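Thanks for coming, everyone. I would like to walk you through the inside of one protein chain, so please have the sequence and the structure open as I speak.

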Amino acid sequence: MAEVNVKRVKSSEIEFKDRLVAINRVTKVTKGGRTFSFSAIVVIGNENGVVGYGLGKAKEVQAAIQKGVDDAKKNLVKVPVLNGTVPHEQCGKYSGAKVFLKPAAPGTGVIAGGAMRAVLESVGVKDVLAKSKGSSNPHSVVKATIDALLKMKDPYMVAQLRGIPMDKVFNG
């Protein structure tokens, strides 16, 4: 995720909605019996281009979710969203998970699987076609989706990078 356009965002003045992606019960067997703990992966976003993910681990589910939200607030990034969809087609990859995002016409909805859907809805995308290939591990899928979103460039960013006016981007 070492992209040029990665914009870190401070979590102080923004209102977030959090979505629980997955919860995992982990069992540790000791001579005294079994000890259960929980790990939760959480995605938060303001549904206006800011998104973050976090992992929380604790003895109780609620505590794990809260730790995940706190961790997600430390990993916030800004991604471009144009008219409720993504600016262009993009692939993302993390470990064994590969994802493909494609812009869709208004009214299409979010056509995506569980972990991808949580990220895309949190970032504020209303219409998108998405496909997850490879690993379906929620941790990897969330990170691959955010990788794909970070690779997105909106027309203003392209114009700025090329040093040309906005109208020349499309007629270039």
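Predicted model: local features only at pLDDT ≥ 70, side-chain atom pairs only at ≥ 80, totals over all residues.

**Inside the chain**

Which residues have the most contacts inside the largest nonpolar core? That core has 29 residues, and those with the most contacts inside it are Leu101, Met116, Val119, Leu120, Val142, Ile146 and Leu149. At least two residues of this core come from each of β3 (33-45), β4 (50-58), β7 (97-103), α2 (114-123), β9 (128-134) and α3 (138-150), and it is α3 that gives the most, with seven residues. Apart from this core lies another, of 12 residues, which includes Val50, Ile65, Val69 and Ala72.

Now to the two helices. In general, two packed helices are described by the angle between their axes and the distance between the axes. Here the axes of α2 and α3 come within 8 Å and cross at roughly 40 degrees, which means that α2 is oblique to α3. The crossing of these two helices, α2 and α3, is right-handed.

Which residues make the contact between α2 and α3? From α2 they are Ala115, Met116, Val119, Leu120 and Val123, while α3 brings Pro138, Val141, Val142, Thr145, Ile146 and Leu149. Sorted by class, the contact of α2 with α3 has 10 nonpolar residues, one polar residue and no charged ones.

Conventions. Residues numbered from 1 in each chain as written. Heavy atoms only, no water. Core = buried A, V, L, I, M, F, W, Y, C linked by side-chain atoms within 4.5 Å. Buried < 20%, exposed > 50% of the residue type's maximum accessible area, 1.4 Å probe, protein only. Helix = DSSP H or I, 4+ residues; strand = E, 2+ residues; numbered from the N terminus. Axes fitted to C-alpha atoms, helices over the stretch in contact; angles between N-to-C directions. Parallel < 35°, antiparallel > 145°, perpendicular 65-115°, else oblique. Left-handed = near helix turned anticlockwise from the far one by under 90°. Contact = heavy atoms within 4.5 Å. Nonpolar A, V, L, I, M, F, W, Y, C, P; charged D, E, K, R; others polar.
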